[in-house]
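Subject: Structure handover

Hi,

Here is the structure I promised to pass on.

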Amino acid sequence: MVRGTFQLMKSVNKSTVLNKIRQSGPISRAEIAKVTGITPPTVSSIVKELMDEKLVVESILGESQGGRKPTMLLLNRNDHYVIGVDAGSDSIKACVSDLVGTILVRSELPLQAHTTIDSFLAVLIQAIQLVIKEMGVEGSKIFGIGIAMHGVVDVAAGISLYSANSGLRNVHIKEVLENTFDLQVIVENNSRAMALGEYWFGDYGLLKSFAVVNIGRGVGSGIIEEGKLRYGAQEIAGEIGHMTISLDGEKCSCGNQGCFETFVTGDAIVRRAKKQIPDAPDDLTGEKVYAFALKGHTAYQKVLEEIGVLIGIGIVNLIHAVNPEKIVLGGGVMKSHDFLMPSILATIQQRALTEKARKNTLITLSRVGDDATVLGAAALLLTKLF
Ligand SMILES: [Zn+2]
């Protein structure tokens, strides 16, 4: 058993009380009893346990309901921590977060192009060592390490099976990191981790079904239903980047043709712009397309509007397959949202099957932003705790 595995005796009631304090703290014992239906003596004994475990602390006095002022409860932000890592295709970002998603320290190290498994793991370990050292807390205060890895991941074994961008296969991330750090390690696909980060820290309220679409170098999505990530039978649920949009479209990194992501990634935007704009510079990037559009160049604006239609088509497919209450859009490409969003929304209005789906599917931009993935990686551990 690795040291960081926190053995919380999780009864349903304890989980309910802890989550109520997480979501609604500061909150009084009486209010917890009232909203959860758990008896006041049971709430008090659970709270005592949680305080003994240093997960919960007492705080400022609440509003009196006539008698003595109640003591309020909230999560203890200063005793337990989690490490989150966003292992991208060109850099590795690591952070230490408290239990409510405040990033306390962070590191970022570049990955070499054409990296090998050994050099990838060496950079990963170094990025984690840097944040542990800077944080300067004992290992026993760290619940574990969550890794958000791009590509296809075997979550149970903690192995990165395949990542198209770096070309690495079968990287035993969990085994290597648990042996190095003596902490619990959870490995997850980056888009699913991002969905978890948005769901936990985006303050969207309680939603029955929630999807996050990550559009950047590739396209992925994470689907959360009833508070839990959805994997599918072979753990590829949400791989919407590889939905076929065009039978004879461009070749995709996965080997198929005409996948959704061949139309909408940063590289796809550059290819479209170069095709349509004769004087486009050779060193054009997705960021430059956006900058030209912002300066008022209508040809570049038109490219982004067309990309918005294509993203809209992918989102409509997601609505038809999963029908989530809310879809959050994030990733590097969505930084051009002022040009993309109108045509995304118009496409959904034109194509979604029913009026209810058109009207009631909530589409928004990421609230957590660039930290959604690294915080979602940290939240992988929190889902075990709460
Ligand atoms: Zn593909």
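**The zinc site**

The four donor atoms around the zinc ion subtend angles of 104 to 123 degrees, which makes the arrangement tetrahedral. (For four donors, tetrahedral means that all angles lie between 85 and 135 degrees; donors are N, O and S atoms within 2.8 Å of the metal, or 3.2 Å for Na, K and Ca, and since water is not among the atoms, sites may look incomplete.)

Before going on, a note on provenance: this is a predicted model, where local features need pLDDT of at least 70, side-chain atom pairs count only at pLDDT 80 or more, and totals for chains, interfaces and linings use all residues. Residues are numbered from 1 along each chain as its sequence is written, and side-chain values use heavy atoms, with hydrogens and water left out.

Back to the zinc ion: its ligands are His-242 through ND1 and Cys-252, Cys-254 and Cys-259 through SG, at 2.0 to 2.3 Å. Along the sequence, these donor residues follow the spacing H-x9-C-x1-C-x4-C. His-242 and Cys-252 both sit in the loop between β14 (228–229) and α7 (261–264), so the pair ties together parts that are 10 residues apart in sequence. (Helices are DSSP runs of H or I with at least four residues, strands are runs of E with at least two, and both are numbered from the N terminus.)

Cys-252 is buried at a relative accessible area of 7%, while His-242 is partly exposed at 27%. (Buried is under 20% relative accessible area, exposed is over 50%, and partly exposed is in between, with a 1.4 Å probe and protein chains only.)

The loop between β14 and α7 also holds Glu-235. Glu-235 isn't a glycine, yet its phi is positive, about 60 degrees. Its relative accessibility of 22% makes Glu-235 partly exposed.

Is His-80 buried or exposed? At 6% relative accessibility, His-80 counts as buried. You'll find His-80 in the loop between β3 (71–75) and β4 (81–87). A polar atom of the His-80 side chain lies 3.1 Å from the backbone oxygen of Glu-53. (A polar contact is a pair of N or O atoms within 3.5 Å; within protein, one must be able to donate a hydrogen and the other to accept it, and residues adjacent in sequence count only if both atoms are side-chain atoms.) Beyond four places in sequence, the residues that His-80 contacts include Lys-54, Asp-98, Lys-141 and Phe-143. (Contact means heavy atoms within 4.5 Å.)

Lys-54 belongs to the loop between α3 (40–52) and β2 (56–61) and is partly exposed, at 44% relative accessible area. Lys-54 is another non-glycine with a positive phi, about 60 degrees. Most residues other than glycine have a negative phi, and most peptide bonds are trans. Leaving out residues up to four places away in sequence, Lys-54 touches Asn-76, Asp-79 and His-80. From Lys-54 to Arg-77 there are 23 residues in sequence and 9.4 Å in space, C-alpha to C-alpha.

**Two helices**

Helix α13 (372–385) has 14 residues and runs 19 Å from first C-alpha to last, close to the 20 Å expected. (The expected span is 1.5 Å times one less than the number of residues.) There is a bend of about 30 degrees in α13 at Ala-378. (That is the angle between axes fitted to the seven residues ending there and the seven starting there.) Of its 14 residues, 12 are buried, so α13 is largely enclosed by the rest of the structure.

Helix α4 (117–135) has 19 residues, and its end C-alpha atoms are 27 Å apart, in agreement with the 27 Å it should span. The buried residues of α4 include Phe-120, Leu-124, Ile-128 and Met-135. Its buried residues pack against β4, β5 (91–97), β6 (103–110), β7 (142–149), β10 (169–171) and α5 (173–181). After α4 comes Gly-136, with a positive phi near 65 degrees.

The Gly-25 to Pro-26 peptide bond is cis, with omega near 0 degrees; Pro-26 is in the loop between α1 (12–24) and β1 (27–28).

Gly-332 is in the loop between β15 (326–330) and α11 (337–351) and is partly exposed, at 48% relative accessibility.

Cheers

Technical notes:
Four donors count as tetrahedral if all angles lie between 85 and 135 degrees; four count as square planar and six as octahedral if opposite donors are over 155 degrees apart and all others between 65 and 115; anything else is irregular.
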